[in-house]
Every structure is written in C-alpha cells, then in structure tokens.
Amino acid sequence: MSSNAAIAIRSKGFAKTLRKDRWWLYPALVLFGLTSFLVYGFWSAWQADFYWYSAGQEGFGGYLAPFYSPLLFIKEGVEGAAPMAHAIFGSWPEGWPSWLPPSPSLLILAVPGIFRFTCYYYRKAYYRAFTGTPPACAVGALPRNRKSGYKGETGLMLVQNIHRITMYFALMYIIVFFYDAYLSFFRAGELGLGVGSILLLGNPILLTCYTFGCHSIRHLVSGSRDCYSCSMNGKIAHKNGKIVGWLNQRHELFAWLSLIWIVVADFYIRMVSMGYITDLNTWV
Amino acid sequence: MATRKFQIYKGDHKNGELVNFETEVNEGMVVLDVVLKIQAELANDLAVRWNCKAGKCGSCSVEINGKPKLSCMTRMNQYGPDETITITPLKTFPVIKDIVTDVSWNYTQNKRIKPVKLAPEAKTDKGYVMYQEDVGRVQEFRKCIECYLCQNVCHILRDHDKKDEFIGPRFMIRVASLEMHPLDIVDRIPELKKEFGSGMCNVTRCCTEVCPEDINITDNGIIPLKERVIDRFYDPVTILSRKIFGKRKKKLPPIKP
C-alpha cells in the first residue's frame with residue numbers, strides 16, 4: 001500500500017473497515033427479520049377482519065389472533081370478527097375516520113410496538129441494521145453531517161427512556177394473552193385442544209420469558225440495590241434477580257422467538273378463520 | 001513451519017504505510033510472537049508495545065484484520081494458511097509510532113470519576129461483614145485489564161470522535177463498579193448523565209464483543225447505569241415514590257460482631 005496508509009487506516013465513512021469476515025451478515029439478517037415483521041404486522045392490523053375463530057359456535061371459547069388482543073371495541077358485521085361479548089368497551093366508536101379501517105388491532109399495537117422499539121436488545125439490532133451506528137463492530141458508522149453530529153440517545157432518541165413505562169403496560173398484555181390462551185382451550189364451553197390452542201399458549205409463555213428478561217425489570221427486581229445481604233428484602237431480591245438474570249442473558253433469543261411465534265400464531269388464526277387452513281383439534 | 005504473509009503499519013500519525021513481510025510461522029504461535037519475530041529478523045525499528053504476553057497487562061492491543069484484539073491472545077491458527085494478516089494500530093487513538101498508540105486520553109477520563117468513599121465503619125476496627133452476593137457484580141468489572149479495546153471500538157469515540165461528550169465503556173464500568181459497591185456512599189448519577197454522557201451510548205454492544213476478559217460491559221455495566229439514570233430522571237413511578245416516601249437511604253452490610 002502507498003504512503004497514504006496513515007490516512008487510509010484512519011479514514012472514516014460508512015462501512016469502511018479492514019475486516020475481512022462476513023460482518024454484514026448480522027445486520028442483513030436483522031434487516032430482513034424486522035422488516036418482514038413490520039410488513040406483516042401492519043398488513044395484519046390493516047385487515048380489520050378474520051381475527052377470530054370458533055367454528056361458528058357460540059358460547060365460551062375460541063381463537064383470538066394475538067395482533068388483535070385485547071379487543072377494546074368490536075365493529076359489528078365484519079367477517080371473522082369476535083362476538084360483541086369479547087369487547088372490553090363495547091361496539092366500535094362513532095366518528096372513526098373513514099380512511100382508517102375499523103381494526104381493533106390499530107388501537108392496541110402501539111404499546112407492545114414501543115416496548116419492543118425501546119428494548120435494549122432491539123436497539124442494538126436496529127441501530128446496526130437500519131441506522132448503521134455502527135453496522136458492525138470496527139466498521140465505519142454512518143456519518144452525521146449536521147452541525148451537532150452524533151447525539152446518541154440524548155436528542156430525539158431520548159424517547160428510549162420510556163422503555164420502563166411501556167414495560168409496566170406490557171406486563172398487562174401478558175395477562176391478557178394468558179387469558180386468550182385459556183379461552184383457546186374451549187369451544188362452546190367444552191374443554192378441548194387444537195393447534196391454535198398450542199400456538200396461543202406458546203405466545204404468552206415466550207412473551208413472559210422475553211418481558212421478564214427485560215433490563216428494566218432486572219433493574220427493578222434486583223439491579224437497583226447495592227447490597228443484598230443488608231435486609232430480608234435484599235435476599236429475596238437476589239434470588240429473584242438470579243431468575244431474571246438467567247432470562248436476561250437470553251434476552252436476544254426470546255426477543256426473536258416471541259416475535260416469530262406471535263406472527264405464526266396470528267397468521268395461523270387468520271388462515272383458519274378465512275377457511276384456508278383446517279384447524280386440527282379435539283372438538284370436531 | 002509455513003511461510004505466512006503479513007502487512008504491518010509503519011509510520012506515525014500523519015504518514016505511514018502498510019509494509020509487506022513474509023516469515024516462517026511455527027505451530028502454536030500467537031500474532032505477537034510473529035510481530036516480535038519480524039522485529040528481530042526483518043524490521044529492527046518496528047515499534048511494538050507488549051509486556052506480559054499472557055493477556056493480563058493490556059499493552060499489546062492492536063487491530064488484526066480490522067478487528068481490535070490483544071495480539072498476545074490471538075492464535076495464528078485461526079487464520080487461513082493463505083490469508084494475509086494485516087496488523088494496524090488502534091484507530092481511535094493517535095499513533096506514536098508504527099502499531100503503538102497514545103492512549104493517555106483514557107487516563108485523564110479516569111481522573112474525572114469521583115473516587116470511592118467508604119461508609120463510616122469501614123475504616124474502624126469493626127468493619128462490615130461482606131458477602132459474595134454483594135460484591136459479585138463489582139468483581140466482574142474489576143477484571144478489566146485496561147487494554148482499551150472497548151474504548152477503541154466504541155463508535156462514539158472511533159467514528160464520531162465525541163471524546164469530549166462520552167467517557168467511554170471502560171470508564172462506564174468503572175463508574176458501575178463504584179456505584180454498585182455496597183460500601184461506597186458517593187452519588188455519581190448526576191454527572192453520569194450530564195458529564196460522562198450515559199445517553200450517548202446506544203447499546204450496540206461492540207465493547208462487550210471485543211473485551212478479552214469477557215466482561216459483559218453493556219448488559220451488566222452500562223445498561224444498569226442507564227437504568228439508574230432513568231430511576232432518577234425519567235421514570236414517573238420512581239420519581240413520585242421518592243417525592244412521597246423520600247429518598248431511599250443506602251443500606252449497608254451488617255457490622256462485624
């Protein structure tokens with residue numbers, strides 16, 4: 001190499017690196033995975049129909065697509081909609097903008113969406129894959145050309161600090177999803193089992209593993225303490241902290257597993273509700 | 001024995017070149033062995049910093065094929081037999097000569113951190129009973145050998161050159177080791193947010209990836225500190241709780257019987 005190597009080895013610019021390995025693989029996989037999830041999620045939420053399946057039977061039980069849970073309001077007369085009894089606040093509100101589909105999903109997606117968006121794991125994933133800050137370790141970050149330059153999470157991205165608040169709400173969703181799983185083991189009041197039941201039970205289990213491995217929960221459970229042996233509460237916190245810590249070490253794993261599972265469960269119930277897939281179950 | 005190809009940076013901060021070398025490599029050699037062999041046989045003026053050759057002094061940090069590594073802990077057999085191995089100085093710091101960089105900026109950062117102040121009984125004959133669970137977290141951070149690979153790979157310092165706004169991962173875990181210490185009674189959270197730039201870190205975990213001591217810098221050090229900042233400044237529940245019940249007094253371990 002010529003004598004300008006001093007400049008070359010210090011040169012800055014997007015994706016500039018001397019690395020020879022496949023550093024681009026991780027951001028490429030994340031880009032594909034998260035984009036696929038976003039496309040499916042918005043498509044599913046926009047549909048506003050075929051989110052419920054109970055084989056046309058009334059009474060307690062049925063499958064509710066997880067992207068539509070909890071059901072705050074239900075629009076009557078929509079194909080594949082849940083019975084009105086499942087709506088927390090009743091029928092669809094008047095005055096809903098005509099350009100927006102009357103989808104219960106649009107009302108509830110924000111909280112889990114923001115919870116995942118502000119998650120400490122997903123931040124790593126999308127900062128690398130989408131914003132290139134940096135795309136991989138020792139690989140040139142996308143330059144910030146404005147006067148202030150790179151601001152990290154101090155400027156606009158100060159919003160990341162609401163992760164703790166969304167975590168409080170995300171815990172409520174887990175309870176709702178476990179209720180949906182319970183509901184899925186019944187059809188017209190009769191106890192049974194179907195493929196949909198297994199999918200809807202796996203969903204809250206994986207979400208629990210993901211949510212309880214959250215760094216914010218780890219902080220509240222045990223991380224905020226400096227001394228565990230100082231009180232009985234500290235000793236309990238230390239024991240609980242071990243469980244949360246185990247989940248926290250696998251946060252990335254559960255982040256992806258729960259993300260993929262919820263898409264599979266939602267898609268399956270949509271397909272069953274539309275009649276494209278026949279649900280294998282014990283009720284037939 | 002096999003002949004292997006190397007490119008090593010030779011020069012100073014302003015001018016330099018990647019010089020090609022070929023030398024015999026024996027089984028079991030690490031990159032530092034080869035560099036020292038080249039220095040002895042082919043380039044006597046090659047500047048190399050090293051000391052313990054056991055991964056404990058943190059002196060021999062360089063970039064090997066673009067990756068920040070300790071050259072004494074990087075085995076040659078992890079590279080393909082025909083692969084040319086490029087050895088360059090740490091990108092984030094000024095080059096003194098060849099692959100030796102000036103890391104003194106880091107020492108000035110260390111001085112900015114308030115030193116430990118122990119609880120009153122710690123210095124008396126009584127002292128406190130210390131349990132493993134209370135010091136386990138801090139012990140992880142104390143493994144740091146100050147090789148500054150994490151400081152080098154951190155894109156805030158490396159690409160965005162924000163040395164005046166972010167103290168860097170090494171010193172974030174030094175703050176963490178003091179903040180989480182059961183006997184330390186100093187509050188460093190306000191300056192952590194305002195001066196040390198905890199908000200600048202976007203938790204992309206490169207510091208953790210390159211750490212030769214396998215310290216989980218991001219998950220166990222930086223993120224818990226960010227959570228403490230959130231406790232103090234952003235979480236309405238904990239802020240309200242402090243307003244109603246008052247500031248939680250630091251509990252200390254039991255005094256020795």
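## Basis of the model

Residues are numbered from 1 along each chain as its sequence is written, while chains are lettered from A and ligands numbered from 1 in the order in which they are written. Because the model is predicted, local features need pLDDT of at least 70 and side-chain atom pairs count only at pLDDT 80 or more, whereas totals for chains, interfaces and linings use all residues.

Helices (H or I, at least four residues) and strands (E, at least two) are DSSP runs, numbered from the N terminus.

## Domains of chain A

Chain A is divided into domain 1 (20-143 + 151-209 + 253-274) and domain 2 (214-249), with bounds from an automatic or database domain assignment. Their centres, taken over C-alpha atoms, are separated by 28 Å. The contact between them takes 6 residues from domain 1 and 5 residues from domain 2. On the domain 1 side, helix α6 (residues 163-184) gives the most, with 3 residues.

## Strand β5 of chain B

From strand β5 (residues 85-88) of chain B, I85(B) and I87(B) point one way and T86(B) and T88(B) the other way; all are buried, that is, 20 or more other C-beta atoms lie within 10 Å of their own C-beta atom, placed from the backbone.

Strand β1 (residues 2-11) of chain B pairs with β5(B) in the parallel sense over 3 bridges, pairing being defined by at least two DSSP bridges. I87(B) is the bridge partner of I8(B). Strand β3 (residues 61-64) of chain B runs antiparallel to β5(B), joined by 2 bridges, and T88(B) is the bridge partner of E63(B).

## Nonpolar core

The largest nonpolar core has 115 residues, of which I87(B), C150(B) and V153(B) touch the most other members. Such a core is a set of buried Ala, Val, Leu, Ile, Met, Phe, Trp, Tyr and Cys residues joined through C-beta atoms within 7 Å. Helix α10 (residues 251-274) of chain A contributes the largest share of this core, 10 residues. Leaving aside neighbours within four places in sequence, V153(B) is in contact with residues including C137(A), A138(A) and P68(B).

Terms used: Contact = placed C-beta atoms within 7 Å. Buried ≥ 20, exposed ≤ 12 C-beta atoms within 10 Å, placed from the backbone.
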